[in-house]
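Here is a walk through one protein model, from its overall make-up down to a few single residues. Have a look at the fold before reading on.

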Amino acid sequence: MDKGRQFALIVILAEKFEDVVAACNKENGLNEDFHSLNYNDPAFPKAAKCALSCLFEKRDVFKSDGSIDKAKAIAMNEEAVTDEDLKKKFLKAIDECDLTAKANKCETAFEFVKCKRNKVLSETVEGLKELCKGPTEKNQKFNIDDPDFPKEAKCMLACGLEMKGMFKGDGSIDIEREKLFAEALMENEEIKKNYIKAFVECDPSAKENKCETAYQFAKCMKNK
């Protein structure tokens, strides 16, 4: 998979909204589907950010101060997304994402859409794997017990926890939420039982940063 691509979050847009998307893409010289782009890529194209801003402009989603009008964002979600289950997930994400203005409208629209997509993607195993794909692949090259385990790899471990909302406000790991994920995603009862036993015994407290917290927790889990 190309660096700029990510797990396909399939959003079937209403036909009339597709026309607006096409117009904004053309207006900003974007020749690809921005739904297939990796929103976590630091090199996310400016043209795509501004195409998103164009959509927001055409649906009057920006307030006069450049921030996001939540009611208008909800209305656009209702208009654009046809799948009812996905619509509900995006609605929940809208309620949780930052609405404040950024450096410019292109950045504001991009950060808002990025937040929504990441929250929806993080609800599935496939989405989480894709959001942290680079990190996971790199982590597999290292021995977690190695004293020189790279900081980059530690931060990649934190990625999965971050995407699942596993960090509490104080930087510690939310054990109860981890239990819920294990209960929901693990089918083998014996593996589930051993997994839960292991993370209950590991120290979830915050270390100097989230990367170190995730690393120490994962190391403990691996050695249980």
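The protein has 11 helices and zero strands, where helices (H or I, at least four residues) and strands (E, at least two) are DSSP runs numbered from the N terminus. Written out along the sequence, that gives α-α-α-α-α-α-α-α-α-α-α. This is a predicted model, in which local features need pLDDT of at least 70 and side-chain atom pairs count only at pLDDT 80 or more, while totals for chains, interfaces and linings use all residues. Residues are numbered from 1 along each chain as its sequence is written, and side-chain values use heavy atoms, with hydrogens and water left out.

Of the 224 residues, 42% count as buried; buried means under 20% relative accessible area, exposed means over 50%, and partly exposed is in between (1.4 Å probe, protein chains only). Now for contacts, meaning heavy atoms within 4.5 Å. Among those between residues at least 6 apart in sequence, 57% join residues at least 24 apart.

**Aromatic pairs and a lysine**

A pair of aromatic rings is described by the distance of the centres and the angle of the planes. Rings of Phe, Tyr and Trp (its six-membered ring) pair here if their centres lie within 6.5 Å; planes under 30 degrees apart count as stacked, over 60 as edge-to-face and the rest as tilted. By this rule the count comes to seven aromatic pairs. Two of them are set out here:

| Pair | Centre to centre | Angle between planes | Class |
|---|---|---|---|
| Tyr 39 and Phe 44 | 4.6 Å | 45 degrees | tilted |
| Phe 56 and Phe 62 | 5.7 Å | 45 degrees | tilted |

Tyr 39 is buried, with 1% relative accessibility, and Phe 44 is buried too, at 5%. Phe 56 and Phe 62 are both buried as well. Tyr 39 and Phe 44 also belong to one aromatic cluster with Phe 110.

What lies over the face of Phe 110? That would be Lys 49, at 4.6 Å from the ring centre. For the record, a charge sits over a ring if NZ of Lys or CZ of Arg is within 6 Å of the ring centre and within 35 degrees of the ring normal. Lys 49 comes from helix α2 and, with a relative accessible area of 12%, counts as buried. Not counting residues up to four places away in sequence, Lys 49 touches Phe 44, Cys 106, Glu 107, Ala 109 and Phe 110.

**Around helix α2**

Ala 51 is also found in helix α2, which spans residues 46-58. Buried or exposed? Ala 51 has 0% relative accessibility, so it counts as buried. Leaving aside its neighbours within four places in sequence, Ala 51 is in contact with Cys 24, Asn 25, Asn 28, Leu 30 and Phe 34.

In the loop between α2 and α3 you'll find Asp 60. Asp 60 has a positive phi of about 55 degrees, although it is not a glycine. At 46% relative accessibility, Asp 60 counts as partly exposed.

Asn 77 lies in helix α3 (residues 70-80) and counts as buried, at 5% relative accessibility. Which residues does Asn 77 touch, not counting residues up to four places away in sequence? They are Lys 87, Phe 90, Leu 91 and Ile 94.

Leu 86 is found in helix α4 (residues 84-96). At 10% relative accessibility, Leu 86 is buried. Leu 86 and Val 120 are 34 residues apart in sequence, yet their C-alpha atoms are 8.2 Å apart in space.

**Where α8 meets α11**

Helix α8 (residues 151-163) and helix α11 (residues 210-223) have axes that come within 7 Å and cross at roughly 90 degrees. Axes are lines fitted to C-alpha atoms, for helices over the stretch in contact, and angles run from 0 to 180 degrees between N-to-C directions. The two helices are therefore roughly perpendicular to each other; angles of 65 to 115 degrees get that label, those under 35 count as roughly parallel, over 145 as roughly antiparallel and the rest as oblique.

From α8, the contact is made by Lys 154, Cys 155, Leu 157, Ala 158, Leu 161 and Glu 162, and from α11 by Lys 210, Cys 211, Glu 212, Ala 214, Tyr 215 and Ala 218. These residues divide into eight nonpolar, no polar and four charged. In that sorting, Ala, Val, Leu, Ile, Met, Phe, Trp, Tyr, Cys and Pro count as nonpolar, Asp, Glu, Lys and Arg as charged, and the others, Gly among them, as polar.
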